[in-house]
Amino acid sequence: MFRIKKVHINDNTMTDIDILVLGNRGAGKTSLLATMLYNMNDLLESNGILFQPADEETDARLKGSIAEIENMFTSKGIVEVGEGIPGTDGFLDYNFNLAFSNELWSKKSDFSVHFHDYAGSILANGDQSEQYQILKEYFLKSQIIYILVDTPYLMEATRKTIIEYSAKDEILALFQKLDANGSDKLIVFVPTKCEYYLRSARTQDIADRIQMEFQGILSYIGQINKAEGREKYQLYITPVQTVGGLEFCRIEEREGTQVATFRRTKPNSQFKPVNTDLLLLFCLNYLFDYLFKQLTLQTEPKKMKDVMNNLIKRDEKKVLGSFADKYQKLLSAKKTKDKKGELEKELLENFMHALWAFLSEYSKRGTIIKEICNEQVSFTFNDLYTIFSCKKNIQENYEKTFQRQFTQIYL
């Protein structure tokens, strides 16, 4: 669908996107980020997306982390979990530029994406540390939250160890402190180090155990969604294999502490992560909705009126009939009373749905789309079209895969 050329990232970033990785020390936060983000550009380009490190530090950190993982494959026999990537000390950000292009429009849309990693001990220390305040700020501004779950401990350890390694009490406390001020979020429970369980066809066992062990968090989120009357927080579970060639072997008792050990899946097994690419695509799919909404809601009233009239003029199939009628009614009502800005908000929401309906019907009519892009230079129609196109492309190619790999939690 798309012909991707070399993209020069613009200096003007329209929207920042933040993704926070929650989990205790050793859960695999840094490993997940490294395997998910490293060398992903070929896959994303094939779907109309350019996703590149925004700075040399991010690029170097990812390469170093991948090298640490690959070093595990030089080990013989049992592999200690601690032989992987060393834990993060303090906070680390992985900064990326997200851009996409289409064959009808030469301008490139540009966004900044920040993945936030932190030392697991910060979560455990709670409000007593300054670093915890930074973690709360990351939570508030993030559109996506990954909650990493160390699968071997979840499935095999004692109750005391599960509580310690899952950090579920600390994560629940974080939600309770901040949810009232939080924005809409996608929350994905990500079981890591689950190669052994997936090979044994125990995916559902993992999902069931997560819903049981994290019931406190799920119940609390359910209360929030119910109070909002909608899915403020969308919840999913997806297991990933961040290494692929190593799998859980057993838990050993050492000086009163339970330690998970791993072994090669085959004598010559190699580093081969599985499903980390899908996790990134799935989250981008969610972010495209977020970006579409944010750019639409930034529209100035006069530009909204010009674009709406332009869409109605070109709407040969009359798909905008109900949206056009509602737009005129809201516009008339707004002139007489809108003290709290509620009608303005409803106008923008109606405008957003009208744009989406128009693109759904006419996205394959290149001439119409290009004409509007050329006429609405001062408006972000071209950006909205590229976001819509990339989302549509991902859905067409991966929707069935998402349904297999991502289990939605309904509350």
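How many residues lie between β9 and β10 in their hairpin? I looked this up in a predicted model, and I found 2 residues between the two strands. I noted that glutamate 255, in the turn, has a positive phi of about 50°.

**Entry on the strand pair.** I recorded strand β9 as residues 246–254 and strand β10 as residues 257–264, paired in the antiparallel sense over 8 bridges. For glutamate 253, I found the bridge partner in β10 to be glutamine 258.

**Entry on the cores.** I next examined the largest nonpolar core, which has 75 residues. Leu37, Leu98, Phe115, Tyr146 and Phe288 are those with the most contacts inside it. Helix α12 (residues 276–297) gives the most to this core, with 13 residues. I also noted a second, separate core of 45 residues, which includes Leu135, Met155, Ala167 and Leu235.

**Entry on phenylalanine 115.** I set aside the neighbours within four places in sequence and listed the contacts of phenylalanine 115; among them are Ile19, Leu33, Leu37, Phe51, Tyr146 and Leu280.

**Entry on the largest pocket.** I read a space of about 870 Å³ in the largest pocket. Its lining comprises 27 residues, and Gln234, Tyr286, Asp289, Tyr290 and Lys391 lie nearest the centre. The elements that give two or more residues to this lining are β8 (233–237), α12, α15 (342–362) and α17 (381–405). I noted that α12 provides the largest share, 8 residues.

**Entry on helix α16.** In this helix (residues 366–375), I found Ile368, Ile369, Ile372 and Cys373 buried. Seen down the axis of α16, the buried residues fall within an arc of 135°, so they line one face of the helix.

Key:
Residues are numbered from 1 along each chain as its sequence is written. This is a predicted model: local features need pLDDT of at least 70, side-chain atom pairs count only at pLDDT 80 or more; totals for chains, interfaces and linings use all residues. Side-chain values use heavy atoms; hydrogens and water are left out. Buried means under 20% relative accessible area, exposed over 50%, partly exposed in between (1.4 Å probe, protein chains only). Helices (H or I, at least four residues) and strands (E, at least two) are DSSP runs, numbered from the N terminus. The arc is that of the directions from the helix axis to the C-beta atoms. A nonpolar core is a set of buried Ala, Val, Leu, Ile, Met, Phe, Trp, Tyr and Cys residues joined through side-chain atoms within 4.5 Å. Contact means heavy atoms within 4.5 Å. Two strands pair if DSSP finds at least two bridges between them. On a 1 Å grid over the protein atoms alone, a cavity is a set of points where a 1.4 Å probe fits but cannot get out, and a pocket is an open set with protein on both sides within 12 Å along at least five of seven lines; lining residues have an atom within 4 Å of a point. Grid points are joined across faces, edges and corners, and a volume is the space filled by probe spheres set on the points.
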